[in-house]
Amino acid sequence: MKRLSLSLWLSAVLLLSAVPALAQASKVGFVNPQRIINESKIGKIAQEDLARLGKEKDRLVRQAMDKVNKLQAGLKEDALSVSEQQSRETELRRAARDYEQLVQNSNQEIQQEERQLIRFVMRRADSILKGIAKEQGFTMILTDPEIIGYVDNSMDITDRVIKELNSMN
């Protein structure tokens, strides 16, 4: 029994010492998604689409604000009956509530559209990333610049991804 436990213990020690020898050296790359969005052709097109949506939402918000301002100005008129005053105050509260809801919905829609555009561009970049990873032997490519303290320039493949994205069509 002692001999069996001794040989099991010895086998475990040998296995544990062999594990580091089996591990491969890792090569980690880095790509900056924000630069891809800002500098690639497809990213710039996506940003233009987002800007158009933002301008349209801004126009609608300004129209709603103008309505609220006109209703406020109408309340300042001196010759209003009590029922007319109450009616206009109710209309003003409704317009103000609608304005606030429009602002909130517009912001949410723009943020959602921005996330979708980023996902679209990064999906297009994924095949390029996989090809570069295989070609250069990367075991991992990081994409979040906020969690990385330092990246050696030789590991940053952002420029290459942008170049290859721009050449796609």
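Helices are DSSP runs of H or I with at least four residues, strands are E runs of at least two, and both are numbered from the N terminus.

The structure under discussion is a predicted model, in which local features need pLDDT of at least 70 and side-chain atom pairs count only at pLDDT 80 or more, while totals for chains, interfaces and linings use all residues. Residues are numbered from 1 along each chain as its sequence is written, and side-chain values use heavy atoms, with hydrogens and water left out.

Let me begin with the overall layout. The protein chain contains 5 helices and 2 strands. Read from the N terminus, the order of these elements is α-β-α-α-α-β-α.

Next, the surface. Accessible areas were computed by the Shrake-Rupley method with a 1.4 Å probe, and for residues only the protein chains shown count as cover. The protein chain exposes about 12,500 Å², of which carbon and sulfur atoms supply 54%. For single residues, I shall call a residue buried under 20% relative accessible area, exposed over 50%, and partly exposed in between, with a 1.4 Å probe and protein chains only. The protein chain has 169 residues, and 23% of them count as buried.

I turn now to contacts, a contact being heavy atoms within 4.5 Å. Among contacts in the protein chain between residues at least 6 apart in sequence, 81% join residues at least 24 apart.

Let us start with L53, which belongs to helix 3, residues 41–75. Which residues does L53 touch, not counting residues up to four places away in sequence? They are E109, I110 and E113. L53 and E113 are 60 residues apart in sequence, and their C-alpha atoms are 8.8 Å apart in space.

V68 counts as buried because its relative accessibility is 7%. Leaving aside residues up to four places away in sequence, V68 touches L92, A95, A96 and Y99. Between V68 and E91 there are 23 residues in sequence and 9.0 Å in space, C-alpha to C-alpha.

Is S106 buried or exposed? With a relative accessibility of 4%, S106 counts as buried. Again not counting residues up to four places away in sequence, S106 touches K57 and V61.

Let us move to charged residues. A salt bridge here is a side-chain nitrogen of Lys or Arg within 4 Å of a carboxyl oxygen of Asp or Glu. How many salt bridges does the structure hold? There are 9.

One of them pairs D159 with R35, with the closest N and O atoms 2.3 Å apart. D159 lies in helix 5, residues 158–167, and R35 in helix 2, residues 33–39, so this pair ties together parts that are 124 residues apart in sequence. D159 is exposed, at 52% relative accessibility, whereas R35 is partly exposed, at 23%. R35 and D159 are also linked with E39 in a network of salt bridges.

Two further salt bridges stay within a helix. In helix 3, D49 and R52 are separated by about one helical turn, because they are 3 residues apart. Their closest N and O atoms are 2.3 Å apart, and D49 is partly exposed at 32% relative accessibility. In helix 5, E164 and R160 are 4 residues apart, and therefore also separated by about one helical turn. The closest N and O atoms of this salt bridge are 2.8 Å apart. E164 has a relative accessible area of 26% and is partly exposed; R160, at 26% relative accessibility, is partly exposed as well.

Patches are made of residues with over 30% relative accessible area and no salt bridge, like charges being joined within 9 Å and nonpolar side chains (Val, Leu, Ile, Met, Phe, Trp, Tyr) within 5 Å. Lys and Arg count as positive and Asp and Glu as negative, while His and the chain ends are not counted; the place of a charge is NZ of Lys, CZ of Arg, CG of Asp or CD of Glu.

Which residues gather in the patch of positive charge? They are K67, R93, R94 and R97. R97 is placed in helix 4, and its 51% relative accessibility is why R97 counts as exposed.
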